[in-house]
Amino acid sequence: MNRRLLVIFFIATLGLYAWPAYDRFLARDRDPGTFVVGPIPATGAPDSPFFQREFISPDVPDRIVHVGSICELPYGGLAAAWYGGTREGARDVSIFLSTRSAEAAAWSRPKVIMDRVLASRDLSRYIKKVGNPVLFSNPQGRLYLIYVSITVGGWSGSSLNLTWSDDHGQTWGRSRRLTLSPFFNISELVRNRPVSLSNHGFAVPIYHECLGYFPEILWLHPGAAGLKIRFAKTRMDGGASFIQPALAALDPSNAIAFYRPCGDNRAIGRAVTRDAGLTWSEPQLLSLPNPDAALDALPLSDRRLLLAYNDSPVTRENLCLAVSTDRGREWSRVNTLENEPEAEFSYPYMIRTRDGRIHVVYTWDRKRIAHVVFNEAWVTAQSEAKSP
Amino acid sequence: MTAWAFSFVFPVLLTTALLQAIAALCGRRVRGRMPAIATALLATAIMFIPVRDLPFGRWIISLNANFSIPLTAVLFSGVVRGFFSIRLLDDKALLTCWIFSLAAGLFLYPMALGLGRWDPYGAGWGFSWLFVLLLGVTLVLLAMNNRFAVVLMGVMAAYNLGLLESTNLWDYLVDPVLVVISLIGLGWRIGVRREA
């Protein structure tokens, strides 16, 4: 290269790096954000205990359903999503959506919002099957769906995709593939409830499941008008430790994560963050068992934590609730939602709606998606009934 | 849309290289401007043939949506050499590419797949030490008159333009296929030297 060309290349190189550097140091929309802990609504008089149980999905013979999630719609409505098909991981698995307005007595008839054909069309690539969906919404009522898709292999070949709806799930935007792994973008999965951030983004708990098994956080920032999505990923732990993190944000900076264990450990893992999820403590094993199944945790209004989990090291035959008053170190069992030998009650997913009620959806023996609604007064009553 | 269009570049180059190889096996040398244009057009047409509602090129992308810029540059250099006997990337640049890609892959993949709590892949989202390091390497290689520097400039230009589906700089820099090719390339070089 002659001297003049070399100088041009030097200047060009510096110019190429100027834009990302500007974007990092001077752009205004780079606030990492803190956790948004929703205000607990003041209901005036103390609530009396309330508890209600129902099914969202119908019982369809020879079909399984699994991995339910639920979120609140504007004006008090609810939306739930799950996957169903002939078996877990089958090519005929579809992702279903059902909604219920505040006034309606029953859930709408489930409709398919994603399957391998729709995903293949949206993503312009071959999709062998779809899997875990997680449904959540922003304060403006936009619904987001993150779902797993697989091109080759089993769950370890999973990638994550994002789509959204501005009409309560009637129509959905074109899915976008999220590149989250440098190794063919595989082995990234989602299961648990995202936490809203102060910068209008979300901290989405995800996990890696190939060679290493470990929890991560997807930092999702729907940009202006939700059209320019930015995202990044950070690791909560490494190696082959835990998966499926459930986040319980206590305040803007502090949160507790509860993990499904991997390997020989059959106890729930716990880690804490004090910097809004940027770094996490070494996980500690709790005294509560885990049969290699998903769990969920939710903060209550009085800084107690509520946990939904399988209370067994080997089976998913029961689904229990426990309460902690010390940030999740020690737990008191308060209620058994389900308990039946040989059956499976699993993958609980909890939210709190603006009216203060707590909603739990879970897999009911792989046949239906069950929905349990209760209030904090019921939790307190259960807790007091259990205490000596 | 930009990333979707660019996703056909690697499959088209790969098909062009395959057509060159097939022609060579048949004892025909495809050289010169017109044969090059014809072969490239044929390769492009093949990539857009719909197969079960997807252009054929997107089936390749289904397996890996982010072929790195150095891998694309190496393939482009090979295709140009086949048509015009021009070496865009000389031996020095290729050797640098193999060493750089292998080092990057050995550093990135074990940790990204769970070795330890730290994930270097996170440095690829937004300006970080990775960008500073890459800038330094590019400037040093430029000063050393190494053509791989131009490839690294292409990496950064492609990142700024969002030519890949990924928004992470690592995916523009290295991919698993490039690491395997780099391993083979380096092994071959070492073998040739020993024979010499």
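User: Which residues is Leu307(A) in contact with, leaving aside its neighbours within four places in sequence?

Analyst: The model before us is predicted. Leu307(A) is in contact with Phe258(A), Leu295(A), Ala297(A), Leu321(A), Ala322(A), Ser324(A) and Trp331(A), once neighbours within four places are left aside.

User: Which residues of the largest nonpolar core touch the most other members?

Analyst: In soluble globular proteins, nonpolar side chains tend to be buried together. The largest nonpolar core here has 105 residues, and those touching the most other members are Ala80(A), Leu135(A), Ala257(A) and Leu307(A). Strand 7 of chain A, residues 143–150, supplies the largest share of this core, with seven residues. Another core, of 50 residues, lies apart from it and includes Trp98(B), Leu108(B), Trp170(B) and Val179(B).

User: Is Leu319(A) buried or exposed?

Analyst: One counts the C-beta atoms around the residue; 20 or more others within 10 Å make it buried, and 12 or fewer make it exposed. Leu319(A) has 29 other C-beta atoms within 10 Å, and therefore it is buried. This residue lies in strand 21 of chain A, residues 318–324. Leaving aside neighbours within four places in sequence, its contacts are Ala308(A), Asn310(A), Leu337(A), Glu338(A), Phe345(A), Pro348(A) and Tyr362(A). Leu319(A) and Tyr347(A), 28 residues apart in sequence, have C-alpha atoms 9.1 Å apart in space.

User: Is Gly187(B) buried or exposed?

Analyst: Gly187(B) is exposed, because 11 other C-beta atoms lie within 10 Å of its own. Gly187(B) belongs to helix 10 of chain B, residues 176–195. From Gly187(B) to Trp98(B) there are 89 residues in sequence, and 9.9 Å in space from C-alpha to C-alpha.

User: How should I read the packing of helix 7 of chain B and helix 8 of chain B?

Analyst: One reads the angle between the helices, the distance between their axes, and then the residues that make the contact. Helix 7 and helix 8 of chain B pack at an angle of about 150°, with their axes 8 Å apart. Since angles over 145 degrees count as roughly antiparallel, helix 7 of chain B is roughly antiparallel to helix 8 of chain B. Their crossing is left-handed. Helix 7 of chain B contributes Leu134(B), Val137(B), Thr138(B), Leu141(B) and Leu142(B) to the contact, while helix 8 of chain B contributes Phe148(B), Ala149(B), Leu152(B) and Met153(B). By class, this contact has eight nonpolar residues, one polar residue and no charged residues.

User: What is the angle between helix 2 of chain B and helix 3 of chain B?

Analyst: Helix 2 (residues 9–25) and helix 3 (residues 33–47) of chain B pack at about 125°, and their axes are 8 Å apart. These two helices of chain B are therefore oblique to each other. The crossing of helix 2 and helix 3 of chain B is right-handed. Among the residues making the contact are Pro11(B), Val12(B) and Leu19(B) of helix 2 of chain B, and Ala40(B), Leu42(B) and Ile46(B) of helix 3 of chain B. The contact of helix 2 with helix 3 of chain B divides into eight nonpolar, five polar and no charged residues.

User: Which residue in the loop between strand 17 and strand 18 of chain A has been picked out?

Analyst: It is Ala276(A), in the loop between strand 17 (267–273) and strand 18 (284–289) of chain A. Ala276(A) has a positive phi of about 55° although it is not a glycine. With 20 other C-beta atoms within 10 Å, Ala276(A) is buried.

User: Where does Phe184(A) lie?

Analyst: Phe184(A) is in the loop between strand 9 (176–178) and strand 10 (188–190) of chain A. Although Phe184(A) is not a glycine, its phi is positive, about 55°. Phe184(A) counts as partly exposed, because it has 18 C-beta neighbours inside 10 Å. Phe184(A) touches Asn64(B) and Pro176(B).

User: How many residues of chain B are in contact with chain A?

Analyst: An interface is read by counting the residues on each side, then by noting their elements and classes. Here 41 residues of chain B are in contact with 38 residues of chain A. On the side of chain B, the elements giving two or more residues are helix 4 (56–63), helix 6 (91–112), helix 7 (129–143), helix 8 (148–161) and helix 9 (169–173) of chain B. That side has 23 nonpolar, 13 polar and five charged residues.

Key. Residues are numbered from 1 along each chain as its sequence is written. Chains are lettered from A and ligands numbered from 1 in the order in which they are written. This is a predicted model: local features need pLDDT of at least 70, side-chain atom pairs count only at pLDDT 80 or more; totals for chains, interfaces and linings use all residues. Two residues are in contact if their C-beta atoms, placed from the backbone, lie within 7 Å. Helices (H or I, at least four residues) and strands (E, at least two) are DSSP runs, numbered from the N terminus. Ala, Val, Leu, Ile, Met, Phe, Trp, Tyr, Cys and Pro count as nonpolar, Asp, Glu, Lys and Arg as charged, and the others, Gly among them, as polar. A nonpolar core is a set of buried Ala, Val, Leu, Ile, Met, Phe, Trp, Tyr and Cys residues joined through C-beta atoms within 7 Å. Axes are lines fitted to C-alpha atoms, for helices over the stretch in contact, and angles run from 0 to 180 degrees between N-to-C directions. Angles under 35 degrees count as roughly parallel, over 145 as roughly antiparallel, 65 to 115 as roughly perpendicular and the rest as oblique. A crossing is left-handed if the near helix is turned anticlockwise from the far one by less than a right angle, and right-handed if clockwise.
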